[in-house]
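Please open the model in a viewer and keep the selection panel at hand.

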Amino acid sequence: MALTSSRPLYKQRTESLPNTLTSVMFGNGQINPEDNPNYLVYKKMERIVEMMQDESTGVPVRTVKSFMSKVPSVFTGADLITWIMKNIDVDDQVEAVHVATLMASHGYFFPIDDHYLIVKNDNTYYRFQVRKAYKP
């Protein structure tokens, strides 16, 4: 028996993207950022970063002297982990390091001397990312 049929094998797509995209598209083709399935997670992370950047209760940010220069607006991994354990409901230090590494991998802060987005609980220096670099 021959497989000849007059109907198409695949359903014709009726929906399509607009011809001109006047606004920025977000992940998975959404035009509105609130349509992104991770929208609530990003809002929570941004709230935590705003708390971290508070001048009185946030992570202590300072300028440190290096061998021949000064490094402005940095904080240490130990200060970050201490702040997370004090201000966020985490059980232990390993979980705090994991949360900090996830936030670094999403671009909220980055290491100064390293290119690996892993947060260490030591005196490695980190800096907060400029808001426009991670805000859609």
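This is a predicted model: local features need pLDDT of at least 70, side-chain atom pairs count only at pLDDT 80 or more; totals for chains, interfaces and linings use all residues.

Helix 1 comprises 14 residues and spans 20 Å from its first C-alpha to its last, close to the 20 Å expected at 1.5 Å a residue. Next, display the side chains of Met 45, Glu 46, Val 49 and Met 52, which are buried in helix 1. Viewed down the axis of helix 1, these buried residues fall within an arc of 115°, so they line one face of the helix. An α-helix has 3.6 residues a turn, so residues three or four places apart point the same way. Then turn to the other side of helix 1, where Leu 40, Lys 44 and Arg 47 are exposed.

Move on to helix 2, residues 77-87. Select Gly 77, Ala 78, Leu 80, Ile 81, Trp 83 and Ile 84, which are buried there. What do the buried residues of helix 2 pack against? Their partners are helix 1 (39-52), strand 2 (70-76), helix 3 (93-105), strand 3 (109-111) and strand 4 (125-128).

Finally, select the aromatic rings. The structure holds 4 aromatic pairs. One of them joins Phe 75 and Phe 128 in a tilted arrangement, with 4.6 Å centre to centre and 40° between the planes. Phe 75 belongs to strand 2 and Phe 128 to strand 4, so this pair ties together parts that are 53 residues apart in sequence. Phe 75 counts as buried, at 0% relative accessibility, and Phe 128 counts as buried at 13%.

Key. Residues are numbered from 1 along each chain as its sequence is written. Side-chain values use heavy atoms; hydrogens and water are left out. Buried means under 20% relative accessible area, exposed over 50%, partly exposed in between (1.4 Å probe, protein chains only). Helices (H or I, at least four residues) and strands (E, at least two) are DSSP runs, numbered from the N terminus. Contact means heavy atoms within 4.5 Å. The expected span of a helix is 1.5 Å times one less than its number of residues. The arc is that of the directions from the helix axis to the C-beta atoms. Rings of Phe, Tyr and Trp (its six-membered ring) pair if their centres lie within 6.5 Å; planes under 30 degrees apart count as stacked, over 60 as edge-to-face and the rest as tilted.
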